[in-house]
Amino acid sequence: MNILTCKDLTKKYGRKTALDGANLTIESGHIVGLLGPNGSGKTTLIKLANGLLTPDNGSVEVCGMRPGRETHALVSYLPERAVLPLWMTAAQTVDFYADFYTDFSREAAQEMLAHLQIDPKQRIRQMSKGTREKVQLIMVMSRRAKLYLLDEPIGGVDPATRDYILNTIISHYNPEAAVLISTHLIADVEKILDDVLLIRQGQVVMQAPVDRIREEQGMSVDALFREVFKC
Amino acid sequence: MKWSFSNDLPIYAQLIEQIKTGVATGAFPRGERLPSVRDLAMEAGVNPNTMQRALAQLESEGLVYSQRTAGRFVTGDEERIGEMKRSLAHGHIRAFMAAMNSLSIDREEALALLEAEYRKETGEDEHSDM
């Protein structure tokens, strides 16, 4: 089943074209890496998929529906920057998410917070940047969504936390859901991906399974990326 | 079990190789149940579909087998495991030969070096070292 479908998807900011007729589909059960240089349209694509932006041309559909109230219930979104209210404690963010989303599992969230030894009484304000990002990811992954949109989930964290985040994504693997991860830390995520989507200047230049790239090119996706996007 | 991956080969092929090595070394004991796909994927830090694909391949090679409800098991067939070990050894030997070749060390010298190293390992030449 197709979880995300984009056809000729186009988005302009004034005279600047951020997405320029992008075509792609993501099937259920797949973990897909959205890879591209800075300013290639990764965040724009993610924001269109969750309805934060509207297309100027073409279409985007989540489980066959245009982004809107119904799809918000199906999409779990990790923004590029943590957006949790600073005055809340970790426990309050759990309540907050549980109130908003019926597919949210308190147990899953509490278990992950405990595993990372995050004090439920600690306020977001008092947390380091890395801990805030962990809390945000825990909230996002504790939902039983159909589509997870993770915008740079491993950008600002140390390597041990990075491993934990990637492991969390694997352990929450659900054959009925799809995960889209945007990043430029390709070497780190490569092993957990089914497919990669390479985008450049708002266009999809390649969508292929990681192992097919390795098989056919005899190099990692990271190496291919460096070659394709050589400055 | 320690997992590591190189950049030039498909991940599923590397998983197959490493699980075979695990069977050979006893990290995955023969005749015993394997962890679930998800647990193995988490342990190796890889995509569960990729792990599934590797296990399906090992199954078609007769090294593991599925039991409808109980999960996947390592074969107890000693002959099959012996065959697999020799094939793994073959790969390492080919790599050794290629490395010697790239150093312009011929067959005779390579075998002599290998023999000397084995002697050192078993302590046969404690007194002649260096």
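This is a predicted model: local features need pLDDT of at least 70, side-chain atom pairs count only at pLDDT 80 or more; totals for chains, interfaces and linings use all residues.
The backbone at Asp8(A) deserves a glance: its phi is near 45°, a positive value in a residue other than glycine.

Gln117(A) sits in the loop that links helix 4 (106–115) to helix 5 (129–141) of chain A. Its phi is near 50°, again a positive value in a residue other than glycine. Gln117(A) has a relative accessible area of 74% and counts as exposed, because exposed means over 50%.

Now turn to strand 6 of chain A, residues 147–151. How many of its residues are buried? The count is 5 of the 5, so strand 6 of chain A is largely enclosed by the rest of the structure. To see how that works, recall that side chains in a regular strand alternate between the two faces of the sheet. In strand 6 of chain A, Leu147(A), Leu149(A) and Asp151(A) are on one side, Tyr148(A) and Leu150(A) are on the other, and all of them are buried, leaving both faces covered.

Strand 5 (residues 75–78) of chain A runs parallel to strand 6 of chain A, and 4 bridges join the two. Here Tyr77(A) has Leu149(A) in strand 6 as its bridge partner. Strand 7 (residues 178–183) of chain A also runs parallel to strand 6 of chain A, joined to it by 5 bridges. In that pairing, Leu147(A) stands opposite Ala178(A) of strand 7.

On the chain B side 20 residues are in contact with 19 residues of chain A. The area buried between chain B and chain A is about 1,600 Å², with carbon and sulfur atoms giving 47% of it. Between these chains, 13 residue pairs are in polar contact, both residues being at pLDDT 80 or more. There is 1 salt bridge across the interface: the side chains of Asp211(A) and Arg53(B) meet at 3.8 Å, N to O.

Which helices of chain B supply at least two residues each to the side that touches chain A? They are helix 1 (11–25), helix 2 (37–44) and helix 3 (48–60) of chain B. The residues on that side of chain B divide into 10 nonpolar, 7 polar and 3 charged.

Methods:
Residues are numbered from 1 along each chain as its sequence is written. Chains are lettered from A and ligands numbered from 1 in the order in which they are written. Side-chain values use heavy atoms; hydrogens and water are left out. Contact means heavy atoms within 4.5 Å. Buried area is the accessible area (1.4 Å probe) that two parts lose on being put together, summed over both. A salt bridge is a side-chain nitrogen of Lys or Arg within 4 Å of a carboxyl oxygen of Asp or Glu. A polar contact is a pair of N or O atoms within 3.5 Å; within protein, one must be able to donate a hydrogen and the other to accept it, and residues adjacent in sequence count only if both atoms are side-chain atoms. Ala, Val, Leu, Ile, Met, Phe, Trp, Tyr, Cys and Pro count as nonpolar, Asp, Glu, Lys and Arg as charged, and the others, Gly among them, as polar. Buried means under 20% relative accessible area, exposed over 50%, partly exposed in between (1.4 Å probe, protein chains only). Two strands pair if DSSP finds at least two bridges between them.
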